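This report describes a protein model, with attention to its surface, its aromatic contacts and its salt bridges.

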Amino acid sequence: MDIKHRFDVKRVPEESDISGDTNVQNARNNEISEPVQGHATYPVASNDPKIHRNSLAQLTREALPRLDHYRNCIQAMKRPSLGELYGDVSEVKDGNLEAQSPEVANESHGVKLGWIQGVLIPCLLNIWGVMLFLRLSWVVAQSGIIQSLIIIGMSTVVCVLTTLSLSAICTNGEVKGGGVYYIISRSLGPEFGASIGIVFAFANTVAASMNTIGFCDSLNDLLHSHGLQIVDGDVNDVRIVGTIAILVMCIICAVGMEWESKAQNFLTVIIVAAIVDFIVGAIIGPKDVLQEAQGFVGFNLTVTKQNLGPDYRFSENVNQDFFSVFAIFFPSVTGIQAGANISGDLKDPASAIPKGTLLSLLISMASYAVFVVFAGMTAARDASGIVGDVANGTQFYCYPNRSCKWGLMNSYSMMQVISIWGPLIYAGCFAATLSTALTNLLSVPRLIQALGIDRIYPGLIFFSKGYGKAGEAYRGYVLTFLISTAFVLIAQLNVIAPLISNFYLASYALINFCTFHAAFIKPLGWRPTFKYYNVWLSLSGFIICVAIMFLISWVTSLITFIVVLALYLLVVYRKPDVNWGSSTQAQTYKTALTSVHKLINVDEHVKNYRPQILVLTGKPQDRPPLVDLVNLITKNNALMLCGHLSEERLSHRARLNLARKSYAWLHANKIKAFYTLVDGIEFEMAARSLLQASGLGKLKPNILVLGYKSTWRNCDTGDLAAYFNVLHDAFDNRISVAILRLPYGEDYSKFTEETDSHCYDNGAFSVANSSQDLTNHGQTGFLRIDSFVSLNQMEQHPSNISLSAIGSSDNSLIDSAKALRRYVNTEKSDTLMPLSILKSKKKYMLNKIPIGSQLSNMTIFRQKQAEGNIDVWWLYDDGGLTMLLPYIISTRSDWSNCKLRVFALLSRQQEAELEERNMASLLSKFRIHYHSLKMVAGITEKPQDQTVTFFNSLLEGFCEEDGADPEVCVSKVELAALQQKTDRQLRLRELLLENSHDARLIVMSLPMPRKGTVSAPLYMAWLEVLTKDMPPSLLVRGNHTSVLTFYS
């Protein structure tokens, strides 16, 4: 069936739909009419075999469970959305509203390997490295048989615990290319994954160098035994041969997986043959006197007793001890990640990695233990190598009286001496070192490619490009070759080994921590099919790895952690746009949930009071002054909810789109707030719903902030009543109220309304693309900007456009650009940007976009204020909120130049001095710093005639004699009953004009709208009187519970 018509449906008619013999016959002939849009269809019983042969896909829009529905790649098949199934016309057929981070769709589909070829053999080859043939005999000589077995045991414990953790993560979903980086990044997030990925790639690169140096050392020994050398038989020979070897191995890896796999099989056979050669030679014993003189005596009880205990000496320019020897040995067991490193090339990584890694660990650790026991029981620590010393029994009397060149302590060639055929040991050493180096070199470019594809570090993107059908990262191989060659030039094996040990232990520690963290948090997505792990064993593995790191070398460990931390902070700073569902995200949710639950049981105390504000903004970008004022108060330290009330019923897609754009705007403007939307019900009911249902536990709003309804005299009477009733609803719920009025209004939606038609939309902004729409809209002449136009980095934009069109033809208005930068954000990746559009329309728009002053009004609460005053008219005791809010604002950096002036009402003229002292004492006890305090008298005096006339003009059309709507009618009885209160509001206006006409901000006690006593028009007239032609005014009424205290 054509995928395109996957969900096409034919309707199977019921008998009631078929009228007459003709329709019945048509139905029997399978001539079925198309279904009516929006009606459910159900199949009916029929004897017609044609109907029974129809697939289920032809009978229903439902999709059966399929693997492709759950893939994250772009080409994944999409199931029908819920909106499609129940008939939401706003849903598009191929839409998927879930924001996903799709994996790379064009994955390479090269040769795929099974668990033996892809995991077991690479792990064995990686573990059987340079230490097996060149350093294990030296480890036995230094630490003795018992402590050597302890070193192997400790390494085994670390590796087994890490393997168990690695297996659990690998079986918790598909593992793609990138190995350890992929595992850690998808488990702990990109910060940890990328940082440890770089460290791990570096460790593998250096490990390749170390094994190449081991190969060169062995080759030098072989040439020296035949009296040959290339240059000097020392470090220069190592450098020359090592560079060539690294180059050849990089070419082999770059050719492809098949060649590398064939090379691995050949090398494995050689190593196994060399191991058998050693074991058989140890069992047979020495073949001649020369071998005895060199320290090989066969199984001997005396030698065994001598070699049981440690004999740490000065070697490799270091006074050796247990952990220094451990540091040199540990890189020999760091091959357990070899299978995970090429996880993208495995047929079934989830089953192959646990199976192959554990089996390789068992085989390799057993072989190491056998080597230690056989070497310790058959060879002496020191031997002269002189045949004549055997006759008189002095071949072992070397240390400390004389220097001997043979024995386990002095010669790295003892494995050749013990074996039945020495050249095979050389071949095994070559195979072991080269195979390990080959595996390491193979994994590094893939890890670099995974980092580059995820775009975590921009510098690696260049090296991640894939070539050919298999997508080989040839540039990554070049980078790997350069780094490996640089370390080969060091040419000192024991200098490199401890550094590698710390890097590997750091990555193993994080693997264990990943599993512990995921198993401890237990997100629902944590369902590994590998069951043989334990959360506490993983934690133990993490602790053991870190402890061993510091025991080996605390200096190197600190350097390792500093490097990891620096890489971690770099990723945190860059904030990559990825979402991998890491356990840290689950931890964030769990921590937040636990904190909210704990908060429920915490009794509220006035000292811990925080203003938790619900601000009715609509779309936050429509009312930036309102949002900015509340942000000044909460400032990341208290709850802020942006409430959007829509009487229109919105589709699911529209709601998600509004939430996405609102949160993007808040994020772009660095405002920490929540956005909540209620749609499909009237304004008053929606506001009541928000007041009662918003918040969680103790995180519920205790203050309602809304803008002043400046159109109350001309709006629909129902809207006026609804606005007024919202205040009552807030007080009914014992929620404080604050109303903001600005001289030029708070609503700037005319600048941010969406241009759905004739616009360019790249997901980040939308602007009109026609000249007419770009320059003019109605009579305003303002640039139309979409509500999600983010204006960050406007000043740094490379465009050289002059902003003279914005408010003036002479100046560029850089100040306006600075104020605008948080409202517009032009992304560098966009091919069509608002500023580039402005540049092309520059001449046409000159003097036609007068937004300079409007922009200043729009950003009033985020501008740096000049010296001025914040006037606080604390008229009535509401618990102290009227005093607290302006004090909080005055502490913000943008308002630090503004001083608090406090005005309070004077009760009795004859006690003015006493009342002023009392108020000053109260403010002092509250520890509120103010500039001046004034007790205002004359509040009970009769207002001036012009003030009364102004007030009466406000009520025109709302009085009984005007035939006003009964719902918003002011009766004569009401006017008479509230005459004194009205006169106080009028006198307050006169006092405000007298004292606060030049203030930067006025904060005043909000008149109480007594329930059932004052009508909406009269109350709004009071507010109009108090705020008309005034500086920005905030009217506040607390819920009359204390928010200030003078107790410690």
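Helices, taken as H or I runs of at least four residues, are DSSP runs numbered from the N terminus. The model discussed here is predicted.

## Overall architecture

The protein has 39 helices and 14 strands. It comprises 1048 residues, of which 52% count as buried. Among contacts between residues at least 6 apart in sequence, 80% join residues at least 24 apart. The accessible surface comes to about 48,700 Å², and carbon and sulfur atoms account for 56% of that area.

## A covered helix and a nonpolar patch

Helix H7 (residues 180-188) is mostly covered, with 9 of its 9 residues buried. Gly189 follows H7 and has a positive phi, near 105°.

On the surface, a nonpolar patch is formed by Phe550, Trp554, Val555, Leu558, Ile559, Phe561, Ile562 and Val563, which together have about 730 Å² of accessible area. Helix H22 (residues 554-574) gives the most to this patch, with 7 residues. Leu558 is found in helix H22, and with a relative accessible area of 38% Leu558 is partly exposed.

## Aromatic contacts

A pair of aromatic rings is described by the distance of the centres and the angle of the planes. The structure holds 29 aromatic pairs. The rings of Phe322 and Phe323 have centres 5.1 Å apart and planes at 85°, so this pair is edge-to-face. Phe322 counts as buried at 16% relative accessibility, whereas Phe323 counts as partly exposed at 23%. For Phe513 and Phe516, the ring centres are 6.0 Å apart and the planes stand at 45°, so the pair is tilted. Both residues lie in helix H20 (residues 493-521), 3 residues apart, about one turn of the helix. Phe513 is partly exposed at 21% relative accessibility, while Phe516 is buried at 12%.

One aromatic cluster consists of Phe200, Phe326, Phe330, Tyr504 and Tyr508. Charged side chains also lie over ring faces: Arg475 is at 4.1 Å from the ring centre of Phe462, and Lys925 is at 5.7 Å from that of Phe1046.

## Salt bridges

Side chains of opposite charge can pair when their charged atoms come close. The count comes to 17 salt bridges. In one of these, the side chains of Arg688 and Asp729 meet at 3.3 Å, N to O. Arg688 belongs to helix H26 (residues 683-693) and Asp729 to helix H27 (residues 717-732), so the pair ties together parts that are 41 residues apart in sequence. Arg688 is partly exposed at 25% relative accessibility, and Asp729 is buried at 8%.

Arg741 and Glu1024 form another salt bridge, at 3.1 Å, N to O. This pair links distant parts of the chain, with Arg741 in strand E7 (residues 736-741) and Glu1024 in helix H39 (residues 1016-1027), 283 residues apart. Both Arg741 and Glu1024 are buried. A further bridge joins Glu990 and Arg987 at 2.6 Å, N to O; the two residues lie in helix H38 (residues 979-995), 3 residues apart, about one turn of the helix. Glu990 counts as buried at 9% relative accessibility, and Arg987 counts as buried at 10%. Elsewhere, salt bridges that share partners join Asp311, Arg313 and Asp382 into one network.

Definitions and conventions
Residues numbered from 1 in each chain as written. Predicted model: local features only at pLDDT ≥ 70, side-chain atom pairs only at ≥ 80, totals over all residues. Heavy atoms only, no water. Buried < 20%, exposed > 50% of the residue type's maximum accessible area, 1.4 Å probe, protein only. Contact = heavy atoms within 4.5 Å. Areas by Shrake-Rupley, 256 points an atom, 1.4 Å probe, with all protein chains shown as cover. Patch = residues over 30% accessible without salt bridge, like charges linked within 9 Å, V, L, I, M, F, W, Y side chains within 5 Å. Salt bridge = Lys/Arg side-chain N within 4 Å of Asp/Glu carboxyl O. Phe/Tyr/Trp six-rings, centres within 6.5 Å; stacked < 30°, edge-to-face > 60°. Lys NZ or Arg CZ within 6 Å of the ring centre and 35° of its normal.
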